[in-house]
Every structure is written in structure tokens, then in C-alpha cells.
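Biologist: I am new to this structure and would like to learn how to read its features. Please show it, and then take the terms one at a time.

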Amino acid sequence: MKFTAEQIAGILEGEIVGNPNIEVYRLSKIEEGTEGSLTFLSNPKYTNFIYTTKASVTIVNDTFEPESPITTTLIKVADAYKAFSKLLEFYNQVKLNKSGIETPSFISKSAKYGENLYLGSFSYIGDNVVLGDNVKVYPGSFIGDNVNIGNNVIIFAGAKIYSETVIGNNCTIHSGTVIGADGFGYAPNEDGTYSKIPQIGNVIIEDFVDIGANSTIDRATLGSTIIRTGVKLDNQIQIAHNVEIGRNTVIAAQSGVAGSTKLGENCMVGGQVGIVGHLTIGNNVRIQAQSGVARNIKDNAVLQGTPTFEYSDYNKSYVHFKNLPKLVKEIEELKKQILNQKNGNNG
């Protein structure tokens, strides 16, 4: 896709200094700009690059005045960083604005879908599926029977949505994600084997949820695994059966939440955090990366460690953790001195 400086200035309501007809078709960092690229300058530390950049167009603050000759066309705006972010959003919308049904693909006769559907090739839509308006299903995706998906949902290539799943509006599900697989439910037998417990619940994902690549959200044993409105999940995350994640909670990559645990609203969970099952974690909780949570947590706690404890206590304790070999050596020396004193007194 190509855009002229004039078109970009129109989107951003900016002022052009240079060639309004110059075209750009890719984005770049200012220090890596090449002919045909668009970049921006907002941080003064990068100002020197505007005199050497090969980018065809550069978005700058309206207060910027070059002190040396430049070759790039400028678009002056009130806030270059916000303007560039707005342009990225616009670019992404244009890039993802696909529609139509590619072949080969399969749509059950009982399925229903709204306006402006995009269904990529080698995708499967099962019985009684309902898709809203502006749904994008990229190639190689699977949507099982009785799934209900709202408006403006993007399902990227290779995602698998098992039966009975409910997905709200304005959600994004990235490649390789599996939603609605069986929860990890087995009952031990006397002979040491295990019997599978049927997992007959479902997964409910509310509005404005983003789920990263290769994450897994298991269906409930009974009832629902629930991901509330505004939740953001990173890549490679495991959410077990009957878990509930509260509104606007964010979880970083490679974290796992075991069965029937409830996370509150507006929590922030770092990468590689493990949370055991059947816990209740309050609202506004912060859990640092690589922590292990094995107890209920009250609102507003900030935690670190395995098992976790208060973040401030962890930092104080860490001073001693790293000095343990030295402290042990000092204790051994003191024990020897005390022992020598005792032997001397006995003599």
C-alpha cells in the first residue's frame, strides 16, 4: 500500500514542509530510514538523525525547525509520537481489512454470519456457529460447533476454537491459540491408573480481550472458564479449567493459572508466574516475574518470590540471600572462637 505525504497529512491534520506528492509504502526507525519509508521524530536524543535519514517522510512536532539542510519531507503535528501511533492504528486497520470467503474452506449449512466476513482458505466453521459483523478468520483456523462470536473479532491463522465457546466483541486471538480444549481432570484408580473426568463446560471470553500466540484456555469441567472484559494475555499462557480472570487484568508470557483460581480486576502478572489452583487473588495485585503463588492474595498486594511474599520484604531479604555464604562463614568462625574460649577456660 502506498500513501502520499499529502494523504498522510490529511489523516493527521498536519502541515507539509517539502514534497506533498512523495510516496511511502513502509515504516521505519528514523536512524534506519530508506527511500519510500515513513518515520517520526519525537525524542530530542534522535534529532541528529533527521539530517542523515533517507526516509522519504518524517513526522515531527510543529515546534521543530531544522538547523541544517534536510532531504526528508516533514509533516508537522502537535505531538509527533501520538500522531505516529494514530497512523499505525490506521495502517493496521487498512492492512487487516480483508473480506470474502476463500476456497477451499468449509461453512456448515446451519452456521450464520454477519456482514463483511473474511474466511481464509482451509478454515472450518462448524454446525450452529454464529459469527457477528466484520469477523476475520485467517487461513487454517477451526471453529467448532455451537460457537458464538461477536462483532469485530480477528482470529489469526491456525487458531482452534472448540465447541460451545462464547467470544464477545472486539477481540483478537493470535495464531496457534487453542480455546476450549479439555481441562486437566483425572481421577486416580486403586491400580495406579487414571480415569478421565468429562469436561462438559465451556469458555466465555468477554469484550476487548486480546490473546497472544500459542496460548491455551481450557473449558470448564462444569460451568465456564471466564475471561472478563479488557483482559490481555501474552503468548504461551495456560489458563486451566474453571479459572476466572477479572476485568483489565494483564498476564505476561509463559505464565500458568491452575484450575478454579479467580484473579481479580486490574491485576498485572509478570512472565513465567505460576499460580496454583483454587485460590482467590484480589484486585490491583502485582506479581513479579518468575514468582510462585500458593496462597490467597488480598487487594493491592505487590508480590515476588517462590513462594511469594511482599515485594518490599523480598528486596530487604535479598540483601541477605546474596550474602548467605559470607554469613555462614562468619558464623562458623564465631563458633570456632566460642569453642576455643570454652576449651581455654576448661583448661
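Modeller: Let us begin with the elements: helices (H or I, at least four residues) and strands (E, at least two) are DSSP runs, numbered from the N terminus. Pro-104, for instance, lies in the loop between strand 8 (100-101) and strand 9. Residues are numbered from 1 along each chain as its sequence is written. The model is predicted, so that local features need pLDDT of at least 70 and side-chain atom pairs count only at pLDDT 80 or more, while totals for chains, interfaces and linings use all residues; side-chain values use heavy atoms, with hydrogens and water left out.

Biologist: What joins Thr-103 and Pro-104?

Modeller: In general, most residues other than glycine have a negative phi, and most peptide bonds are trans. Here a cis peptide bond joins Thr-103 and Pro-104, with omega about 0°. As for phi, Asn-146 has a positive value of about 65° although it is not a glycine. Asn-146 lies in the loop between strand 15 (142-143) and strand 16 (148-149). Asn-284, also not a glycine, has a positive phi of about 60°, and its place is the loop between strand 36 (280-281) and strand 37 (286-287).

Biologist: Is Ser-56 buried or exposed?

Modeller: Buried means under 20% relative accessible area, exposed over 50%, and partly exposed in between (1.4 Å probe, protein chains only). Ser-56 is buried because its relative accessibility is 6%. Ser-56 sits in the loop between strand 5 (37-41) and strand 6 (57-61). Its side chain reaches the backbone nitrogen of Gly-36 at 2.7 Å.

Biologist: With which residues is Ser-56 in contact, leaving aside its neighbours within four places in sequence?

Modeller: Contact means heavy atoms within 4.5 Å. With those neighbours left aside, the residues in contact with Ser-56 include Ile-22, Val-24, Thr-34, Gly-36 and Thr-73.

Biologist: How many aromatic pairs does a search of the whole structure find?

Modeller: A pair of aromatic rings is described by the distance of the centres and the angle of the planes. Rings of Phe, Tyr and Trp (its six-membered ring) pair if their centres lie within 6.5 Å; planes under 30 degrees apart count as stacked, over 60 as edge-to-face and the rest as tilted. The search of the whole structure finds nine aromatic pairs. The rings of Phe-3 and Phe-90 have centres 6.2 Å apart and planes at 65°, so this pair is edge-to-face. The pair links distant parts of the chain, 87 residues apart: Phe-3 is in strand 1 (residues 3-4) and Phe-90 in helix 2 (residues 80-95). Phe-184 and Tyr-186 also form an edge-to-face pair, 5.3 Å centre to centre with 65° between the planes. Phe-184 is exposed, because its relative accessible area is 70%.

Biologist: How many salt bridges does a search of the whole structure find?

Modeller: A salt bridge is a side-chain nitrogen of Lys or Arg within 4 Å of a carboxyl oxygen of Asp or Glu. The search finds eight salt bridges. In one of them, the side chains of Asp-210 and Lys-232 meet at 3.9 Å, N to O. Asp-210 lies in strand 25 (residues 210-211) and Lys-232 in strand 28 (residues 232-233), so the pair ties together parts 22 residues apart in sequence.

Biologist: Where do Lys-335 and Glu-332 lie?

Modeller: Both lie in helix 4 (residues 324-346), three residues apart, about one turn of the helix. Lys-335 forms a salt bridge with Glu-332, their closest N and O atoms being 3.9 Å apart.

Conventions:
A polar contact is a pair of N or O atoms within 3.5 Å; within protein, one must be able to donate a hydrogen and the other to accept it, and residues adjacent in sequence count only if both atoms are side-chain atoms.
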